[in-house]
Each structure stands twice: as C-alpha cells, then as structure tokens.
Amino acid sequence: MEISKIVRESCRSFEPYVAGRPIETIKRELGLKKIVKLASNENPVGPSKLAVAALKKKAKDAFFYPDSNSFELKKALSEKYKLPPQNLFTAAGGDEIIEIIAKVFFSPEDEIVISKHAFVRYAMAVQLMGSHAVVVPMQDGLVHDLDAMLKVCTRNTKAVFITNPNNPTGTYNTGAQLAQFLQNLPPNTYGMKPLVILDEAYFEYGSILKDYPDGLTFLQDNPNLIVFRTFSKAYALAGLRVGYGFAHQSIVDFIERVRPPFNVNAFAQAAAIASLKDKNQVKKAQSLVKKEKEYLYKEFKKLSIEYIESAANFILINSSPLTGKDLFSKLLKEGVIIREMSEYELPSWARVTIGLRSQNEFFISKLKKVLGK
Ligand SMILES: Cc1ncc(COP(=O)(O)O)c(C=O)c1O
C-alpha cells in the first residue's frame, strides 16, 4: 500500500516542524542531571500566580466543554486594547492562527510574500494550502526588507507575512517603515491591497523600545491588516496554547467560521484572563530580559562572538568556526539546549533564549568550554 499516493500533493514533501528538545527527553537520552533549556523562547519567570490559581480553580470543571467563543477572554482583551470584541479572535496559539488564516484565504494560485529567515511556520502554512511562497532576502543586519517585499508584490499577491520583532533574528521594523509599507502596497487582482499578517508574538518585549510600533495603531486605516499576539511568550503560558488576533470585522467573521469550535481550551482561557489582571507579569518579563540581554551581550563581546541585537527574548549568535548544528550538539552534551538555525537557512548561527541569570551563567560557562575559550 503506497499511502503517499492518496496524500494531498501539497503535503507529500512536508517536513515536520523541529521543536525545541524537551528537558526530560534530553535527560533520558544523555543521562544528564542538570539541563538548561534555552531553545523555545519561553519565559523562565513562569506564569502569573493569578493564572496558576485560576487553573487550580478550573480543574474540577474539566468535564465541561470550554466556552467556544472565549467570551470572557475576548472581553478582557477588548478592554485592555480598547478595540471592540467584533475585531478580535482567539486560537490555540499563534501557530493555529497562522494555519487558520491560511485555510481561510490561501488558494493554489495565490502568491504569499515572506521574508527569508522569518518564522518557519508561514512557509509551512503556504505549502499546506498549495500556494506559492515568494521569499524575499533580508536587508543587512537580518532585518525584514520591506521595500524589497513591496517590489515583489504582483496582481497575484494574496498576503504578506511580517514578523515584528522577527524570530529568529530578533530584529524589528520601525513604525515609519511599517506605515510606508502599508501605504504603498499595490492592489491585487481582487482590487484590494494584499492581506498583511503582522505577527507580534514578541510584542511585549519589543514594546519597551522607542521606535517599535504597536501594530494595532494601523488597524483603523488598513482593513487588510491582521495583527496577532500570544500568551506563550511574556505571559509564560506556552504549555496552554492560547493566542489572539485583531482584524477588520469581515476578516474575523471568516476566521470564526473556519476555526475548530473549541480551539481554546477552558484552562487556557481561564489562565489568560487571570494573567491580564496581573499588572506585574509583563513588567517582570521585560525587566529580566532587558537586564539579562546586557549580561549576555557583554559576555559575547568578551568571547568575540558576533550577535544580532535583539528586540525579543532571544539572541541570534554566530557559531563560527563551528556550524550551528555542531555548537548545538556540543552544548547539548553539556546540558544546555539551544536551537541551531539550518531550518532558517542560517547554518552558522544559533539562537539562544534569554534565561534567568543562573541559567545564562551556566550557558556561558559551557559555551566557553565547547569553544575552548
Ligand atoms: C514569531 C512567532 N510567531 C508565532 C509563534 C507561535 O507561538 P504560539 O503558537 O506559542 O503562540 C512563535 C513561537 O515561537 C513565534 O516565534
């Protein structure tokens, strides 16, 4: 039986997403006692106490289906961001948002513009739908080249993905750049500007920078814009899978029709609502990352390791003379999990998530060891 014959053509060449290696797996495989995971851009400060309490309280209700419409969560988000609930949607993380948008909008004849070295899930969503990805090189410094992305837009361009700040480079585009890009997008064959899908998964970290734009401010003038964020990063709820997005009501309407009915589970909803009430959750994440970034930058400089300044909670480092894969393997044997970047076509780079000081010190000591410095 040749199963691949009946698999949809666009799925046949699919490669599985390479996730950060879990701590328990590595412990088992390598027999190590201490493991520091700096691989998936999680927030080591952990979730808000309010979120943990809400989860405990919710446990006894686990037999109920969740609220299919995430009513309370949308209400809380609507109040926080001062936008009506009709302009809001929720999903099981940014990953699901990307996939739902692709299912709603991408057809085989469509061109979808993506920056090279941007989050890999976009290209996977485009491939899933059998659409055509138009991949645009980044500008110097590994920043999205918005001018070049504009230039490749044709009559067939259905959508453009922008990640701000970008994963894995940590770079960002300014408000002025984004405004100009949105304004200059040419109309496509449908007589409208292509959709702009603005991924702000790391918004909370970027937002402490002066010229980092809040994507929501562009919504009013750009009905083709979809902005989405997540509770996985600064809110430290990655294990629960919850994200949210903002768009014109007519876009939200179709997203609501296509998403699975109970995509945001009851625990995720409860924890997200509670997290929004905690005024310190995001501040704690921001201040840890700001302080630890300075520590890591200083250490990288001492070791003459090239790095890209990051607006997010991870840093891309040049692994030369090692390949990123070799650096990953050597550090793994020492109990540090980072991410190598061959999947992102950056074979001599590696990405490290900013951890607690003790984790960062452990990482630096092991980095020195494997580099012989
Ligand atoms: C840029 C970017 N977008 C979206 C996501 C998806 O995050 P989640 O599905 O956990 O919300 C990630 C996760 O790493 C990311 O880096």
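The ligand is surrounded by 13 residues, where a residue counts as near if its C-beta atom, placed from the backbone, lies within 6 Å. The closest are Gly93, Gly94, Asn167, Thr230 and Ser232. This is a predicted model: local features need pLDDT of at least 70, side-chain atom pairs count only at pLDDT 80 or more, and totals for chains, interfaces and linings use all residues. Residues are numbered from 1 along each chain as its sequence is written.

The shell around the ligand holds 3 nonpolar, 8 polar and 2 charged residues. Here Ala, Val, Leu, Ile, Met, Phe, Trp, Tyr, Cys and Pro count as nonpolar; Asp, Glu, Lys and Arg count as charged; the others, Gly among them, are polar. Helix α5 (residues 93-105) contributes the most to this shell, with 3 residues. Helices (H or I, at least four residues) and strands (E, at least two) are DSSP runs, numbered from the N terminus.

An open sheet is formed by 7 strands. Their order is β2-β8-β7-β6-β5-β3-β4, and the pairing is mixed. Two strands pair if DSSP finds at least two bridges between them. The edge strands are β2 (88-91) and β4, each of which pairs on one side only. Neighbouring strands of the sheet are turned by 20° against each other on average, direction ignored. Such angles run from 0 to 180 degrees between N-to-C directions, and the axes are lines fitted to C-alpha atoms, for helices over the stretch in contact.

Strand β3 (residues 111-115) is mostly covered, with 5 of its 5 residues buried. A residue is buried if 20 or more other C-beta atoms, placed from the backbone, lie within 10 Å of its own. Glu111, Val113 and Ser115 point one way from β3, while Ile112 and Ile114 point the other way.

β3 has parallel pairings with two strands. With β4 (residues 132-136), there are 5 bridges, and Ser115 stands opposite Val136. The chain crosses from β3 to β4 through helix α6 (residues 121-128), and this β-α-β crossover is right-handed: with the strands pointing away from the viewer, the path from the first strand over the helix to the second runs clockwise. With β5 (residues 157-163), β3 has 3 bridges, and Ile112 stands opposite Ala159.

β5 also pairs with β6 (residues 195-199), in the parallel sense over 5 bridges. Helix α6 lies across β3, β4 and β5 and runs at about 165° to β3. Contact means that the C-beta atoms of two residues, placed from the backbone, lie within 7 Å.

Note on methods
A residue is buried if 20 or more other C-beta atoms lie within 10 Å of its own, exposed if 12 or fewer, and partly exposed in between; C-beta atoms are placed from the backbone.
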